[in-house]
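Me: I would like to learn how the words used for a structure follow from their definitions. Please show me the model and then take me through it slowly.

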Amino acid sequence: MKDNQLHNDTPPQWPLRLLMRFCPEAHHEMIEGDLLELYRERNNKNRTLNNIRYIYDALDLTWRSLSFEKIKTKPFNIAMLKNYLVVSMRHFLKNKSASLISIFSLVISLTFSLVIFNYVEIEKSYDSYIPDVEDKYRMIFDIYGSSGRNVHDAESPAPFAPFFAANIPAIKSYIRIFDQRNIILSNPGLQSTKIAFLGWTDPDILNFMGIEVISGSGKIEDQNSIMLSKSIAIRLFGSVSNAQGKTVRYNDVKNLEVQGIYEDFPFNSTVRLEAIGAIDVLQELIPTYYENGENWGGYSFHTYYKMNPNSDYRTIIESFKAKYEDRFDIDPENLPDEYFVFDLINVADIHLHSDMGSEMTAPVSITKLNLLNYLAIIIAIIGWINFINIQSARVPERIKEIGVRISLGANALNLRLMFLVEYLLICVFSSVIAIGIVYWSTTGFLYELLKIELPIFQLGLLATITLLIGTFSASFYPAIVASRLIKGDVIKTIKNRKTGRLRNFMISLQFAISLFLVVFTLTINQQVEYMHSLDPGFDTNSILVIDGPTTQSNDDLNKANQFRDELNGLASVDLATFSTLAPGKNKGWEGNLPSRDGDNSSFQKVSLVNIFPEFFKIMDIEVTAGRIPQGPQQSESLPRVILNETAVLGFNWTPEEAIGKKVGYSNDAVVVAVVEDIKTVGFQDQLVPMMFIHDHVYFQQTTNDYFLAKVNSTSILESMGHLEETYSNIFPDNDFVFNFSNELFQSQYQKEVDFNRLVMTFSLLSILLSLVGLAGITTYHVILKRKEIGIRKVLGSSINNILILFIKKYFYLILISGSIGLPIAYYISNDWLNNFAYRIDVGFLLLTAPLALMIFLVCLIVSFTSLNAALVNPVNVLKEE
Amino acid sequence: MKHTHLGEFEELALLIVGNLDGNAYSISIKNILKQKTNRNPSIGALHTALSRLEKKGFISSKEGGATTLRGGRRKRYYTITAAGRRSLDQSFQLRSSLYLTLPKLSHEG
């Protein structure tokens with residue numbers, strides 16, 4: 001600190017420097033002041049003597065100071081904090097645009113990362129509500145054939161659970177659920193409702209799942225009873241108390257008495273039964289299938305076990321194998337053509353780790369959740385980087401303020417604290433806004449944008465940690481940069497290579513991330529477009545698909561025929577039929593079928609579809625070999641089936657060979673024709689082996705029935721009103737839902753489109769934040785270089801030269817980002833594309849176009865922010881020098 | 001602070017801090033010492049004493065009162081604490097009670 005005019009004499013500096021080296025820092029200020037005061041009080045006398053005394057005092061203090069106590073200074077008091085707050089507010093208001101940029105980028109990044117963390121947290125909490133969940137497992141059912149695993153399913157045959165439970169002591173109890181979807185329950189004559197899940201289960205399910213019983217016993221055994229969830233009871237009867245003991249009608253075929261009401265299953269449950277009936281009712285509903293619970297082959301039951309605590313599930317799996325082989329006399333050395341393998345998955349793992357078919361709630365892949373988590377962390381980091389960059393670039397603005405504060409006695413700690421208070425204030429403010437947005441938009445636009453569903457908002461662990469660590473670290477770093485100025489080395493701080501390097505590194509990182517996200521977005525987009533462009537083998541635009549009704553009455557087939565005739569009667573319809581396949585929606589039901597070809601029997605997983613002969617005409621499918629049977633179905637004799645080419649190939653036949661061969665469907669079926677392959681679902685997967693069953697059309701007991709019509713003009717749309725009316729006359733209580741096949745195909749790619757939207761949102765966000773951050777930095781960078789610009793202009797630089805000067809630096813940074821981000825993007829995009837049977841290649845353009853775009857945007861931003869400075873008249877900047 | 005030893009110089013400094021009543025900082029204490037005892041302790045000795053007193057909890061300090069004379073550096077003001085006061089009381093009582101029982105010297109003469 002320079003001396004002031006009142007006291008011209010200064011004591012020698014070296015003793016003080018020595019003193020400061022040894023004396024504890026807390027005493028520095030006081031001792032310096034004391035020495036100076038003493039020196040100046042003696043000022044009017046002999047100067048040499050004064051100096052000697054000063055030196056003596058200083059040296060004396062130096063060695064004595066070694067024994068000084070480190071006094072605890074109170075780093076702050078209320079008045080000081082108040083002052084810091086006031087100054088923060090003033091500073092905030094003084095430069096609104098910069099402050100808003102900081103807050104904006106923090107709020108945006110925090111909001112998005114919070115939403116994601118919240119989502120991930122909820123997905124991870126699935127089924128954790130179940131009591132003793134660590135001891136509860138669900139059985140996995142696999143069927144192996146000669147070609148490997150053909151079935152990997154969440155459902156298993158009914159008799160195995162009681163069989164295993166009786167023979168394996170580690171199993172404490174079991175629960176089986178036969179889930180039936182989309183059934184109609186009615187309060188006869190008054191109210192009816194469609195419910196998504198009804199479970200026919202073992203008695204103790206509610207206790208097993210830990211669901212609270214509101215009224216009734218909570219155990220379902222009686223075959224004439226049903227238990228309703230609270231919301232269904234209210235929907236049907238108006239209130240819980242009204243419902244108890246009343247009668248509901250199930251699918252218009254059976255009356256059931258309401259025996260109990262239970263609390264709805266929680267939103268984070270994979271099992272969400274809205275009504276529960278006794279498992280033995282199935283004997284009444286589907287006797288030939290249920291076989292009094294003795295059907296050892298058909299797999300339709302979600303089977304849950306509770307194990308004794310501390311029992312090892314692996315030994316139980318081994319017991320499964322042993323008991324199974326025992327029961328069916330299977331020699332492990334000589335496995336039959338088709339055999340079962342039983343496995344277990346912990347109930348809490350189902351939602352994230354299941355890769356099986358027939359899950360009640362579609363599982364979410366843990367990979368996707370982790371990816372989301374990474375994206376969210378990346379966005380959070382970009383937000384902090386922006387904050388750190390902008391704020392530390394703004395510090396030089398405050399040189400004067402820092403100078404004044406130091407001369408008034410502020411020390412390093414005070415200044416650090418002052419900046420910390422200021423930055424913390426902004427960070428906390430932004431966090432609060434972000435939490436507010438997340439909270440108030442729980443089901444709002446953000447979730448629509450990200451295509452994720454969130455029932456509630458809860459601040460999870462990861463979210464909280466991110467908020468806290470992020471906020472604090474983002475506040476600390478610029479505060480430390482700021483306090484470097486205290487050492488008085490302002491220029492050095494600004495030009496500090498290390499800080500500059502770190503900032504450049506952070507900018508490159510931001511742009512590398514942005515580039516990666518953009519490339520990935522474009523890849524997904526192109527892949528989806530590519531799949532759209534592929535030909536499924538039939539004219540998707542002309543196929544009208546009307547969802548079949550949910551009924552179970554005896555004259556269903558007559559009614560279906562009636563509606564089909566109605567369709568056929570329309571002028572705009574060429575031909576109509578119904579089948580279990582809706583082109584664009586499903587690929588039929590699955591079965592593991594053997595070929596019966598003498599001794600050469602081989603199994604393969606086949607998609608089975610029930611059709612009428614018109615099906616092939618409507619779909620315009622060509623017959624490769626054989627002949628499509630015409631005329632009436634013959635349900636008594638050997639069923640006739642039609643295979644597609646893939647299925648024929650799977651059985652090692654040529655199309656011609658296949659005709660007349662038998663396959664193990666029902667009690668054997670005979671192949672009468674082979675047809676060309678068509679794609680009935682999206683192009684993510686390969687063509688599947690298909691079998692069209694001609695003689696078994698049951699228009700009942702399945703919900704996968706669809707009316708198909710080949711339409712020849714758009715005038716069909718005018719008939720829709722009429723059709724709807726007819727439909728609801730024939731099938732009361734059912735909604736009329738129709739789609740064209742091309743729409744259904746589009747929805748096949750919904751998952752990819754949603755994913756694309758998600759990644760796109762993040763990439764746009766990332767670009768936006770990075771550019772905002774860059775604008776913030778260059779604005780200040782340019783202010784600091786105003787004089788340099790002035791001098792350059794005086795020496796003859798043109799505006800262009802100056803702009804190029806600024807752009808050049810960032811141009812290189814983007815190139816560096818590209819060299820980091822693009823290889824990663826290439827690798828990850830390729831990895832993602834490998835999930836598809838029909839895929840594009842990541843081309844050169846896909847990688848370079850985003851880079852070019854990024855360079856363009858950066859140049860735009862930099863020239864925009866530096867143009868003002870480049871246009872300034874050098875006289876204005878340099879006149880004070 | 002039970003039975004904490006109080007040195008002679010420390011006791012003096014503590015008394016002066018108490019006397020100055022809020023205006024005690026190193027230089028003012030030093031000036032009073034000089035004035036009352038004719039001793040001129042070095043500033044280092046004084047700081048050592050004050051530092052020990054503070055450690056013993058007899059005085060407390062807070063910063064303030066920067067002047068131009070001090071080149072803008074703040075002083076550290078000391079105030080006596082209750083413990084300091086008690087210690088002075090004890091010391092005074094001990095001395096006065098011992099003094100009062102001091103035998104007279106007259107018979108010697």
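Reply: Two strands pair if DSSP finds at least two bridges between them, where strands are DSSP runs of E with at least two residues, helices are runs of H or I with at least four, and both are numbered from the N terminus. Residues are numbered from 1 along each chain as its sequence is written, while chains are lettered from A and ligands numbered from 1 in the order in which they are written. This is a predicted model, in which local features need pLDDT of at least 70, side-chain atom pairs count only at pLDDT 80 or more, and totals for chains, interfaces and linings use all residues.

Me: What makes β18(A) and β20(A) a pair, and in which sense do they run?

Reply: Strand β18 of chain A (residues 640-644) is joined to β20(A) by five bridges in the parallel sense, and because a pair needs at least two bridges, the two strands count as paired. Within this pair, Arg640(A) stands opposite Val670(A).

Me: Which sense do β17(A) and β19(A) take beside β20(A)?

Reply: Strand β17 (residues 623-626) of chain A runs antiparallel to β20(A), with three bridges between them, and Ala625(A) has Val674(A) as its bridge partner. Strand β19 (residues 662-663) of chain A is also antiparallel to β20(A), over two bridges, with Val663(A) opposite Ala669(A).

Me: Why is β20(A) called largely enclosed?

Reply: A residue is buried if 20 or more other C-beta atoms, placed from the backbone, lie within 10 Å of its own, exposed if 12 or fewer, and partly exposed in between. In β20 (residues 669-675) of chain A, six of the seven residues are buried, so the strand is largely enclosed by the rest of the structure. In chain A as a whole, 39% of the 881 residues are buried.

Me: How do you know whether Gly260(A) is buried or exposed?

Reply: Gly260(A), which lies in strand β9 (residues 254-262) of chain A, has 22 other C-beta atoms within 10 Å, and therefore it is buried. Two residues are in contact if their C-beta atoms lie within 7 Å, and Gly260(A) touches residues including Val213(A), Gly216(A) and Met227(A), not counting those up to four places away in sequence. Gly260(A) and Gly216(A) are 44 residues apart in sequence, yet their C-alpha atoms are 4.1 Å apart in space.

Me: Which residues touch the most other members of the largest nonpolar core, and what makes it a core?

Reply: A nonpolar core is a set of buried Ala, Val, Leu, Ile, Met, Phe, Trp, Tyr and Cys residues joined through C-beta atoms within 7 Å. The largest has 85 residues, of which Ile116(A), Ala376(A), Ile379(A), Leu515(A), Phe516(A) and Val519(A) touch the most other members. The largest share of this core, 14 residues, comes from α20(A). Val519(A) touches residues including Leu822(A), Leu846(A) and Pro850(A), leaving aside those up to four places away in sequence.

Me: How many residues of each chain make the contact between chains A and B?

Reply: Chain A brings 24 residues and chain B brings 21 residues. Helix α2(A) gives the most to the side of chain A, with nine residues.

Me: How do you know where the confidence in chain A is lowest and highest?

Reply: The pLDDT is the predictor's confidence in each residue, from 0 to 100. Its mean over chain A is 82, with 90% of the residues reaching 70 or more. Confidence is lowest in helix α19 (residues 490-495) of chain A, at a mean of 49, and highest in β11(A), at 93. Residues 490-494 of chain A stay under 50. Where pLDDT is low, the predicted coordinates should not be read in detail.
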